[in-house]
Amino acid sequence: MSVTFVQPLTWHFTFRASMKNLLLGFLLCGLMLFSLATRAQSDAPAPVEYSERVPADGAGRNALYRRAVDWTENHFAYGPKSGQKADAATGTVRLTGTGKVKPVDNKAREQEITVLFDFTFRATDNGYEYSVGSFRVIPDAGQPSQTKPLDVYLTELRADKNNERTHNERRVTAQATSLASEAAMAFRSYMNSLPTDANVGLAGEN
């Protein structure tokens, strides 16, 4: 009796071991694919942007809006500027500014490239929010209407065979990030210097 069950029992254990190895193989393949996908996502250029939400209780939405309009019209240092739109009813301001980034060529000579970015602002009864972002590159100065998203440009720099030597991807990312931070801090500093008498009678304005 015991002899007749030897072969089926052996086959049963062999089958279970094979299934276990097969499932383990599928699991390992899945983990490897997930790891590669995660790495690909982490390697993608992150958007260059600076945004902030600032509480300003008692300042009044209209006072904050007028202050932002004054900065964009009289103190915005990133020209030429274009596309300025201001809406008092919604407390919003928007315009496009201009800056420069400087990748280098194979001989380490700087090549000046124009970039455009958007400044957006919205005032509320309790403060305001603003952002500096949506960077675009003008690859050819002779065709200023032809722009390219900064993240696409950075991807192209990374793919360049000389990027290991020029470090242009990191160079341009750092320069654009510095530009965004500089513009944001200039605006924030101006908003922080809002005259105290501008608040009189403005608290709770709509």
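Alanine 108 is exposed, with a relative accessible area of 60%, where exposed denotes over 50% relative accessible area, buried under 20% and partly exposed the range in between, for a 1.4 Å probe and protein chains only. This residue belongs to a predicted model, in which local features need pLDDT of at least 70 and side-chain atom pairs count only at pLDDT 80 or more, whereas totals for chains, interfaces and linings use all residues. Residues are numbered from 1 along each chain as its sequence is written, and side-chain values use heavy atoms, with hydrogens and water left out.

The protein contains 5 helices and 6 strands, defined as DSSP runs numbered from the N terminus (H or I of at least four residues for helices, E of at least two for strands). Along the sequence these elements follow the pattern α-β-α-β-β-β-β-β-α-α-α. Of the 206 residues, 33% count as buried. The accessible surface amounts to about 13,200 Å², and carbon and sulfur atoms account for 57% of this area; accessible areas come from the Shrake-Rupley method with a 1.4 Å probe, and for residues only the protein chains shown count as cover. Among contacts (heavy atoms within 4.5 Å) between residues at least 6 apart in sequence, 56% join residues at least 24 apart.

Two packed helices are described by the angle between their axes and the distance between the axes. Axes here are lines fitted to C-alpha atoms, for helices over the stretch in contact, and angles run from 0 to 180 degrees between N-to-C directions. Helix 3 (residues 150-159) and helix 5 have axes that come within 8 Å and cross at roughly 155°. Helix 3 is therefore roughly antiparallel to helix 5; angles over 145 degrees are classed in this way, those under 35 as roughly parallel, those from 65 to 115 as roughly perpendicular and the rest as oblique. In this pairing, Leu150, Tyr153, Leu154, Leu157 and Arg158 of helix 3 meet Asn168, Glu169, Val172, Thr173 and Ala176 of helix 5. The contact comprises 6 nonpolar, 2 polar and 2 charged residues, with Ala, Val, Leu, Ile, Met, Phe, Trp, Tyr, Cys and Pro counted as nonpolar, Asp, Glu, Lys and Arg as charged, and the others, Gly among them, as polar.

Helix 5 (residues 168-192) also packs with helix 2 (residues 61-74), at an angle of about 130° and with the axes 10 Å apart. These two helices are therefore oblique to each other. On the helix 2 side, Leu64, Arg67, Ala68, Asp70 and Trp71 meet Ala183, Ala186, Phe187, Tyr190 and Met191 of helix 5. This contact has 8 nonpolar, no polar and 2 charged residues.

Valine 137 is located in strand 5 and, at 0% relative accessibility, counts as buried. Its contacts, residues up to four places away in sequence not being counted, are Ile113, Thr114, Val115, Gln146, Thr147, Lys148, Leu150 and Tyr153. The C-alpha atoms of valine 137 and valine 152 are separated by 9.2 Å, the two residues being 15 apart along the chain.

Most residues other than glycine have a negative phi, and most peptide bonds are trans. Alanine 108, in the loop between strand 3 (92-101) and strand 4 (113-124), has a positive phi near 65°. Serine 134, in strand 5 (residues 127-138), likewise has a positive phi, near 55°, and is partly exposed, with a relative accessible area of 46%. A cis peptide bond, with omega about 0°, joins glycine 79 and proline 80; proline 80 lies in the loop between helix 2 and strand 2 (82-87).
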